[in-house]
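Have the sequence and the 3D view open while you read.

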Amino acid sequence: LALAFVAAAALSGEYRRAAILGAAVAGGSAVIEIFLMGVAARRAQKPVQAAWIVFTATFLVRLVLVAVATVIVGRAGWNVFAFVIGFFVPFFALSAIEWAFLHSLRRLPGTPA
């Protein structure tokens, strides 16, 4: 799904570079986050709590990434609006998958938060 968003951003015409950067940052961070949440949940005594810690830490990292990338896009003269749209559309779609994963951990037997 992350690759599909990057491919869709590549079709955005003259704003392609900014949109691809936004989609790549959102998609890449989501893929890494989901992988790390799975690793943390498998290895922890409290899988839900471990996954929440990864979720929160990754969210804070994303805040920094978006701020830095927005400055880079602005200084490069690219369209900041295209970057923001390119980031937040995949971000919200992929966040739904992350939330579904967190919710699925609550149904595992013996996994207290």
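What follows goes from the overall fold to the helix packing and then to a group of charged side chains.

**Ground rules**

This is a predicted model, so local features need a pLDDT of at least 70 and side-chain atom pairs count only at pLDDT 80 or more, while totals for chains, interfaces and linings use all residues. Residues are numbered from 1 along each chain as its sequence is written, and side-chain values use heavy atoms, with hydrogens and water left out.

**The overall picture**

How many helices and strands does the protein chain have? The count is four helices and zero strands. Here helices (H or I, at least four residues) and strands (E, at least two) are DSSP runs, numbered from the N terminus. Along the sequence that reads α-α-α-α.

Of the 113 residues in the protein chain, 35% are buried. Buried means under 20% relative accessible area, exposed means over 50%, and partly exposed is in between (1.4 Å probe, protein chains only).

A76 is partly exposed, at 45% relative accessible area. From A76 to Q45 is 31 residues in sequence and 46 Å in space, C-alpha to C-alpha.

**How the helices pack**

Two packed helices are described by the angle between their axes and the distance between the axes. The axes are lines fitted to C-alpha atoms, for helices over the stretch in contact, and angles run from 0 to 180 degrees between N-to-C directions.

Start with helix α1 (residues 2-10) and α2: their axes come within 8 Å and cross at roughly 175°. That makes α1 roughly antiparallel to α2. On the angle scale, under 35 degrees counts as roughly parallel, over 145 as roughly antiparallel, 65 to 115 as roughly perpendicular and the rest as oblique. The α1 side of the contact includes F5 and V6, and the α2 side includes I20 and V31. By class, the residues of this contact divide into ten nonpolar, one polar and one charged. For these classes, Ala, Val, Leu, Ile, Met, Phe, Trp, Tyr, Cys and Pro count as nonpolar, Asp, Glu, Lys and Arg as charged, and the others, Gly among them, as polar.

Now α3 and α4: they pack at about 175°, with their axes 12 Å apart. These two are therefore roughly antiparallel to each other as well. Among the residues that meet are W52, F55 and R62 in α3, and F87, S95 and E98 in α4. This contact has 16 nonpolar, three polar and two charged residues.

The structure holds two salt bridges. A salt bridge is a side-chain nitrogen of Lys or Arg within 4 Å of a carboxyl oxygen of Asp or Glu. Here are the pairs:

| Pair | Closest N and O atoms |
|---|---|
| R62 and E33 | 3.3 Å |
| E98 and R62 | 2.9 Å |

Together, E33, R62 and E98 are linked in a network of salt bridges. R62 lies in helix α3 (residues 47-76) and E33 in helix α2, so their pair ties together parts that are 29 residues apart in sequence. E98 is in helix α4 (residues 80-105), 36 residues away from R62.

Are these side chains buried or exposed? R62 is buried, at 4% relative accessible area. E33 counts as buried at 0%, and E98 counts as buried at 0% too.

**Two serines beside R62**

S29 is found in helix α2 (residues 16-43), and at 10% relative accessibility S29 counts as buried. The side chains of S29 and R62 are joined by a polar contact of 2.8 Å. A polar contact is a pair of N or O atoms within 3.5 Å; within protein, one must be able to donate a hydrogen and the other to accept it, and residues adjacent in sequence count only if both atoms are side-chain atoms. A polar atom of the S29 side chain also lies 2.8 Å from the backbone oxygen of V25. Not counting residues up to four places away in sequence, S29 touches A24, T58 and R62.

S95 lies in helix α4 and is buried, with a relative accessible area of 9%. Leaving aside neighbours within four places in sequence, S95 is in contact with R62 and P90.

Methods
Contact means heavy atoms within 4.5 Å.
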